[in-house]
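Below is a short briefing on one protein model.

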Amino acid sequence: MADLSRRRLLTGAGLAVGAGVAVGAGAGMAKLAETGPVHADAPGGPIPFHGPHQAGIATPVQDRLHFAAFDLGTDSPAKAAELMREWTAAAVRMTAGQEIGGGATGAELAPPDDTGEALELPASRLTLTVGFGPSFFERLGLPAPDRLKELPRFPADKLDPARSGGDICVQACADDPQVAVHAVRNLARIAFGTASVRWSQLGFGKTSSTTPQAQTPRNLMGFKDGTRNIAGTDRAALDAHVWVGGEGPEWLRGGSYLVARRIRMHIETWDRTSLKEQEDIFGRTKREGAPYGAAREHDPVPLDKLPADAHVRLAHPDSLGGATILRRGYSFTDGSDGLGRLEAGLFFLAYQRDPEKGFIPIQRALAARDPLNEYIQHVGSGIWACPGGVTPGSFWGETLFS
């Protein structure tokens, strides 16, 4: 039976094995995806997949992240479109807490379509968000959006090419790490023969929130992070600063530009720094999170009361002509670096309508003057254009390929 299974896998005869070029697999998953979602009990229930915007951007931030960048192994737009069709069908089911394809136990003589580690787990508010990088358009010979350009090099960057870039990105967020990992793992299996993982990052402990009424989370430096983040319910701010409008191609309208930065923190050095210096660097108190010159975290920031080079002052929209982003970062700890130091930091995710008016001016100001640079280093980077939302029966970026 092992020989039969291996032979059938290699020939693809009659199997929905999830390969990116296997039309039968895509058709099977598309058919299964037509069934209604399974609604799990809150707080582990599903977040709707379909809508005018991709979920996972303005959605209330979940506790865990599995981010992956993929490189295409084809220059065929048709094969890339088929991959997006199959990924979308699988995403519809996984975000509803369902198995994909023929399920985890559907055929004895073939590898199952679903890897099975999320069986009996709720949807855990899983969202899957996809984006296309500059190299995606170069490889496929498709017209790229005018505002999708490789990021400039900033002072003190020490970027690792093995942890940067990628033709496609997938952001999986969930309240259960196993659900998030399961989602990326299964998309990678479906992509076999069409795309492969270039690099990935696990994240925990969200470092920003799109729900201002909730307690602001803290980063690994112990400070509240993202106090002034855009609220997921602030439609005016989202339209102004996050969602691409009529200035973009049709497939990108209602979408956004994503910048990801892997920021290593020199934790041991920071931990030997006095509380006063730590607070001066940020311009906020550590316990309450109040800006200097104010009493509470969410009080207006009196910029003239902050040190001239305080992180909060340098990054404030009023210091940068209104530059605003939606933050969706996570902490990470990837063991030690072999010298007894934690390989830890912030996996920074920023969504914006225009990177030239969002992340880029903010990072230029911080890279030039921020005293926090003594304790951090940007070691990974990427930029992607995230398509608008998906309607039932369509798939991620469909009008791009048409």
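In which loop is Glu120 found? Glu120 sits in the loop between helix H3 (77-95) and strand E2 (127-132). This is a predicted model, in which local features need pLDDT of at least 70, side-chain atom pairs count only at pLDDT 80 or more, and totals for chains, interfaces and linings use all residues. Residues are numbered from 1 along each chain as its sequence is written, and side-chain values use heavy atoms, with hydrogens and water left out.

**Overall make-up**
- The protein has 11 helices and 9 strands; helices (H or I, at least four residues) and strands (E, at least two) are DSSP runs numbered from the N terminus.
- Of the 402 residues in the protein, 54% are buried, where buried means under 20% relative accessible area, exposed over 50% and partly exposed in between (1.4 Å probe, protein chains only).
- Among contacts in the protein with a separation of 6 or more, 78% join residues 24 or more positions apart; a contact means heavy atoms within 4.5 Å.
- Carbon and sulfur atoms hold 53% of an accessible surface of about 17400 Å², computed by the Shrake-Rupley method with a 1.4 Å probe, where for residues only the protein chains shown count as cover.

**Loop residues with positive phi**
- Glu120 is not a glycine, yet has a positive phi of about 70°.
- Glu120 is exposed, at a relative accessible area of 82%.
- Arg125 also has a positive phi, near 55°, in a residue other than glycine, and lies in the loop between H3 and E2.

**Largest pocket**
- The volume of the largest pocket is about 780 Å³. A pocket is an open set of points on a 1 Å grid over the protein atoms alone, where a 1.4 Å probe fits, with protein on both sides within 12 Å along at least five of seven lines. Grid points are joined across faces, edges and corners, and the volume is the space filled by probe spheres set on the points.
- Its lining, meaning residues with an atom within 4 Å of a point, has 33 residues, of which Asp225, Gly226, His311, Ala315 and Arg327 lie nearest the centre.
- Elements that each supply at least two lining residues are strand E5 (256-265), helix H9 (311-315), strand E8 (342-352), helix H10 (359-369) and strand E9 (376-386).
- H10 gives the largest share of this lining, 4 residues.

**Helix H9: Leu314**
- Leu314 lies in helix H9 and is buried at 7% relative accessibility.
- Beyond its neighbours within four places in sequence, the contacts of Leu314 include Ala308, Leu320, Ala365, Leu366 and Arg369.

**Aromatic rings**
- There are 19 aromatic pairs, counted for rings of Phe, Tyr and Trp (its six-membered ring) with centres within 6.5 Å; planes under 30 degrees apart are stacked, over 60 edge-to-face and the rest tilted.
- Phe136 and Phe401 form an edge-to-face pair, because their ring centres are 6.3 Å apart and their planes stand at 75°.
- Phe136 is in helix H4 (residues 134-140) and Phe401 in helix H11 (residues 398-401), so the pair ties together parts 265 residues apart in sequence.
- Phe136 is buried, at a relative accessible area of 0%.
- One aromatic cluster consists of Phe132, Phe136, Phe137, Trp251, Phe395 and Phe401.

**Cysteines**
- The structure has 0 disulfides, a disulfide being a pair of cysteine sulfur atoms within 2.5 Å.
- For Cys169, the nearest cysteine sulfur is that of Cys386, 5.0 Å away.
- Cys169 is buried at 1% relative accessibility, and Cys173 is buried at 0%.
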